[in-house]
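Have the fold open as you read.

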Amino acid sequence: MSTHRLPPFPAPTTTPTTTPTGVRAGRSVSALICAVAVGAATACAPSEGAVAPSQAAAVAPASPGAGASRSTTGAPGIGDPDFPGDGNGGYDVQHYDLRLSYDPSSRKLAGSATIEAKAAQDLTSFDLDLHGLTVSRVTVDGGAASFSRGKDELVIEPGKRISNGDRFAVTVDYSGVPEPMRDSVNLGEYGFISTADGAFVTCEPNGAKTWFPSNDHPSDKATYDFQITVPEGLTAIANGEMAGTPQTRAGKTTFVWQEKHPMASYLATMTTGKFQIRTGTSDKGLPIYVAVADSFRGSLGQLLTQTGKITDYWSTVFGPYPFSSTGGVIDDYAAGYALENQTKPIYGGFSPEPAIIAHELAHQWFGDSLSIARWRDLWLNEGFATYAEWLWAEHTGQYTADSAFKRYYANAADSMWAYPPGAARADDLFSAAVYNRGAMTLHAVRREIGDDKFFPLIRAWTDAHRYGNVTTQEFIALAERVSGKNLKGLFDAWLFQPKRPAPIT
Ligand SMILES: [Zn+2]
């Protein structure tokens, strides 16, 4: 996730470190910067500021089944301490098969979702996350199941016994007008957002449930098939690669997409509308798919070229590209931010400068291939993607990561010093501290262990946890192993203390 920022870093200003690099903005950049500033000030409460690494380590990472009890009722949350209602316990989703039809004129979505899962306990009932929408039928392994609705929960009682370890398939038929999620501090609207000609679908952190029943937490990743039907003349864009050619019948066109690599639910999309499409291949041979709303047709060629070039470059820095294609989408919905939807980052209402493309494509490694197991570790996504912006600037000769670090460090009054980025707050998740102090943390590590250890560390990180889930403690342990140094003090100062760390030497 990144913001369409004005001005880009480094700004030609006398107060450079107040440049809102990485601050997420909604429709009004200035209004949202204020909102974030207010949120950051609130985050300064000393009683909540410090989380020692030992405390952080004591919190078990969320994992499928983590919320499970000895009962046969799957827990309504997956066990994320800061988002207790997100995800569900008792099972692990393997695959989503989503058959969806969307009509922009009525804003009505009709869907049939089949979720293939493996039980992590005996189950007489379990939940899926679903926000709004009307469920008409649920089956489990083809047999009728009873169901009820709670707040953002679909509670299912299968008509058969499910034992720990069983694989089962639940199919949910549903329809209605999707309602996006709303978050006044950081995000504005997110999830399924209707637009004049279709839908803009960006779901971080928990908006997948606005358009399909899911285990809506990044700790339960799965593969996806999408079959999306829209009125003829519109394009439906999802993750992964298109299977076959779109089929048109009776004024409607069906697009089939497949994401064969594990994906967190918030990275799934079904963005639809009138788009100009271009496909190509990067210099290293990776397929590229880019789409832009008509009003951005002038950006189509550059988006294709930059996406290929930057994806290829990152594969030399971060390790092999984890997916089967790369790409990007510019929609004309003025979200003012971008999201790293797997294989196809989406840019909400602006033509992205290369730094933002570099940020979103770095997320394909940090966030998409390696996904956090709990939201408080978000710096593992945003600190890395922000640091990637600095590395891109370094690579292209604009400025060095060291100069960016120094500019931020020079501002002793920056509110990020009061917000330890290693404990991202649920009520201010996308704080600039998570982005910029997170990136500074990586630079402090780089300075401490040297380039000849730092870049192998990054590649070892993406290799060891490819397609998996990660925690901050795992990164600290790997950094110590690769460097042979005790880095606990460094990480504690940069990630967990509510004050500006001592200067790096
Ligand atoms: Zn980001």
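Thr139 sits across from Thr171 in β9. The strand labels follow DSSP: helices are runs of H or I with at least four residues, strands are runs of E with at least two, and both are numbered from the N terminus. Keep in mind that this is a predicted model, where local features need pLDDT of at least 70 and side-chain atom pairs count only at pLDDT 80 or more, while totals for chains, interfaces and linings use all residues. Residue numbers start from 1 along each chain as its sequence is written.

Strand β5 (residues 134-140) pairs with β9 in the antiparallel sense, over six bridges; two strands pair if DSSP finds at least two bridges between them. Strand β9 (residues 167-176) also pairs with strand β3 (residues 108-119), again antiparallel, over 10 bridges. There, Ala117 is the residue opposite Phe168 in β9.

Now for another sheet order to trace. Six strands make an open sheet with mixed pairing, running β1-β22-β23-β21-β20-β19. At the edges are β1 (2-3) and β19 (275-281), each pairing on one side only. β1 meets strand β22 (residues 337-339) in the antiparallel sense over two bridges, and Thr3 has Tyr337 in β22 as its bridge partner.

On to the helices. Helix α6 (residues 379-395) packs against helix α8 (residues 432-449) at about 70 degrees, with the axes 7 Å apart. Axes here are lines fitted to C-alpha atoms, for helices over the stretch in contact, and angles run from 0 to 180 degrees between N-to-C directions. That makes α6 and α8 roughly perpendicular (65 to 115 degrees; under 35 is roughly parallel, over 145 roughly antiparallel, and the rest oblique). Residues in contact have C-beta atoms, placed from the backbone, within 7 Å; among them are Trp379, Phe384 and Trp390 in α6, and Val434, Tyr435 and Leu442 in α8.

Helix α8 packs with helix α11 (residues 488-496) as well, at an angle of about 165 degrees and with axes 9 Å apart. So α8 and α11 are roughly antiparallel to each other. The contact brings Arg437, Met440, Thr441, Ala444, Val445 and Glu448 of α8 together with Leu490, Trp494 and Leu495 of α11. By class, the residues of this α8 and α11 contact are six nonpolar, one polar and two charged (nonpolar covers Ala, Val, Leu, Ile, Met, Phe, Trp, Tyr, Cys and Pro; charged covers Asp, Glu, Lys and Arg; the others, Gly among them, are polar).

Note on methods. Contact = placed C-beta atoms within 7 Å.
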